[in-house]
Amino acid sequence: MKQLQRKILSVVLAAAMPLCGSANFPRMTASAAEYTENGFTYTLRQGEAYITAYVGTAADVIIPETLGGMPVVSIGDYAFSPDKNGKASTSVTMPDTVRAIGDYAFYDCNALKSVTLSQNLETIGDYAFAELAALPTLTLPDTLTAVGEGCFALSLRLKSIVLPEGVTVIPDACFSGCKALTECPVPEAVTAIGTGAYSGCVKLTTLTLPAAVTVIPDEAFRNCAALTQVDLPGKVVSVGEYAFAGCSSLEEMPALADCTQYGAFAFSDCTSITSATLAEGTAVIAASMFSGCRSLTKVTVPSTVTVIGESAFDACIALADITLPDRLETLGDLAFAYCIALETLVLPPTVTKLYMNSFTMCSELTVYCYAGTPAEALCDRITVPYVVLPLLNDYNADGNCSVADAVWLMQALTESEMTADFSGVSPDCNGDTLFDLADVTAYLNGLAALANAPV
């Protein structure tokens with residue numbers, strides 16, 4: 001009798017189970033702390049509901065204010081991502097009780113065309129709205145203070161988005177690959193932007209960064225092909241690798257009066273830039289920094305530069321005017337390769353490192369170097385013609401190297417006690433270790449050669 005009663009009880013309980021899973025009652029899932037109600041899986045903690053997934057089938061989803069009788073405060077990681085629930089919702093409306101959206105919450109929801117956010121939302125996680133193929137715009141509430149890495153990356157139809165003033169950091173890859181984005185003002189409170197933050201935003205035309213931004217990181221604006229102007233009112237001190245690479249519509253190098261550090265390829269393939277000015281204090285022109293800048297005609301190089309890196313000006317086919325600084329020590333391999341408009345270049349006496357292909361394919365170029373310096377020996381290996389110039393000095397301290405200095409040398413030779421002050425510079429103008437009339441002749445010949453040299 002007792003066994004029969006147990007069997008009946010088990011049948012009744014089994015029949016009752018579907019009723020307990022109806023839309024009006026929360027049903028516990030495999031996890032003891034997780035429930036399902038109205039197509040939402042959620043957990044309860046300290047009197048609040050946290051959505052972990054949407055498992056319903058509705059195209060237009062309205063998230064309820066409460067689940068399990070508790071206010072919904074968070075949408076969890078991957079909650080709506082097709083990778084998790086396989087659904088293709090076209091619109092989502094969330095209540096104002098929601099304060100946080102987790103990582104990848106709407107990632108790859110390619111059917112999603114509309115999202116209405118909570119007016120009390122505070123944070124959005126990493127890649128939360130990334131790879132959305134249909135979402136054209138998103139209105140962010142003023143309460144928002146943080147967005148995650150890659151938050152809107154590769155949302156291909158996102159045309160306009162305005163970050164609220166509470167956001168202080170634009171993280172890595174935040175808008176990377178947003179090919180339709182044309183409007184995205186940066187809040188004044190922003191103090192930093194991340195690596196690749198706007199890379200691949202091919203329709204973004206102008207952007208102004210706040211004064212507090214002092215570093216332009218790697219790939220920040222890489223391949224922003226429509227970008228014509230970037231205003232940097234702050235004291236930017238460094239520009240990272242590929243920061244502006246491929247910005248083919250950028251006609252002027254941004255004003256960077258305080259910047260002394262640049263990464264490799266920083267302005268490579270900026271095909272519309274016509275001139276560039278680097279600030280005093282810059283020591284290195286990085287590898288491939290201006291490579292492929294085919295409209296670049298003039299570069300102002302500060303006196304502090306000691307290294308011009310590999311391929312720094314490679315394929316700058318319009319470059320016709322550049323003066324190398326007196327402190328330059330190294331010219332990298334292919335530094336001026338294919339600079340077909342460059343006709344003359346003077347190597348300062350300080351150059352100690354030069355490569356055979358530093359000037360390869362510079363069909364119009366003649367290089368000038370100074371006698372008795374390391375650069376003279378190095379020029380034997382380059383692939384373009386070179387001319388050796390005498391190393392002249394301003395012996396009479398009048399600010400010029402001229403015939404007056406040759407006269408001064410002659411007078412110094414005729415003085416019986418050799419009281420002339422050479423201030424540490426050698427009067428040996430022809431490099432034979434002697435000081436005689438031949439040096440005066442060499443000085444005069446040097447002046448004649450310099451008259452035709454670009455110094």
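Predicted model: local features only at pLDDT ≥ 70, side-chain atom pairs only at ≥ 80, totals over all residues.

Visitor: What makes S28 and S30 a pair?

Guide: Strand S28 (residues 344-346) and S30 are joined over three bridges, in the parallel sense. At least two are needed, so the pair qualifies. Within it, valine 346 stands opposite tyrosine 368 in S30.

Visitor: And which strand does S30 join through four bridges?

Guide: That's strand S31 (residues 386-389), and the two run parallel. Here cysteine 369 stands opposite valine 388 in S31.

Visitor: Why is S30 called mostly covered?

Guide: Strand S30 spans residues 366-370, and four of its five residues are buried.

Visitor: How do you know how many disulfides there are?

Guide: A search of the whole structure finds zero. Take cysteine 270: the nearest cysteine sulfur belongs to cysteine 247 and is 5.1 Å away. A disulfide needs the two sulfurs within 2.5 Å, so cysteine 270 is in none. Cysteine 362 is in no disulfide either, with the sulfur of cysteine 339 as its nearest, 5.1 Å away.

Visitor: Are cysteine 270 and cysteine 362 buried or exposed?

Guide: Buried means under 20% relative accessible area. Cysteine 270 comes in at 0%, so it counts as buried. Cysteine 362 has 3%, so it is buried as well.

Visitor: Why is glycine 281 called partly exposed?

Guide: Its relative accessible area is 39%. Buried would be under 20% and exposed over 50%, so glycine 281 falls in between. You'll find glycine 281 in the loop between strand S22 (275-277) and strand S23 (284-285).

Visitor: What does glycine 281 contact beyond its sequence neighbours?

Guide: Leaving aside residues within four places in sequence, glycine 281 is in contact with Thr260 and Thr304.

Visitor: How do you know that the span of H4 agrees with a helix of 12 residues?

Guide: At 1.5 Å a residue, helix H4 (residues 403-414) should span 16 Å. Its end C-alpha atoms are 17 Å apart, so the two values agree.

Visitor: What makes the buried residues of H4 line one face?

Guide: The residues in question are Asp405, Ala406, Trp408, Leu409 and Ala412. Seen down the helix axis, they fall within an arc of 155 degrees, so they line one face of H4. Val403 and Thr414, on the other side, are exposed. Helix H5 (437-450) is included in what covers the buried residues.

Visitor: Which residues have the most contacts inside the largest nonpolar core?

Guide: Phe152, Phe175, Tyr198, Phe221, Phe313, Phe336 and Phe359, in a core of 112 residues. S30 turns up again here, as one of the elements that each supply at least two residues of this core. S4 gives the most, with three residues. As for phenylalanine 152, residues it touches include Phe129, Leu140, Ile161 and Phe175.

Visitor: And which residues does the second core include?

Guide: This separate core has 17 residues, among them Trp408, Leu409, Tyr443 and Leu450.

Conventions
Residues numbered from 1 in each chain as written. Heavy atoms only, no water. Buried < 20%, exposed > 50% of the residue type's maximum accessible area, 1.4 Å probe, protein only. Contact = heavy atoms within 4.5 Å. Expected span 1.5 Å × (residues − 1). Arc of directions from axis to C-beta. Core = buried A, V, L, I, M, F, W, Y, C linked by side-chain atoms within 4.5 Å.
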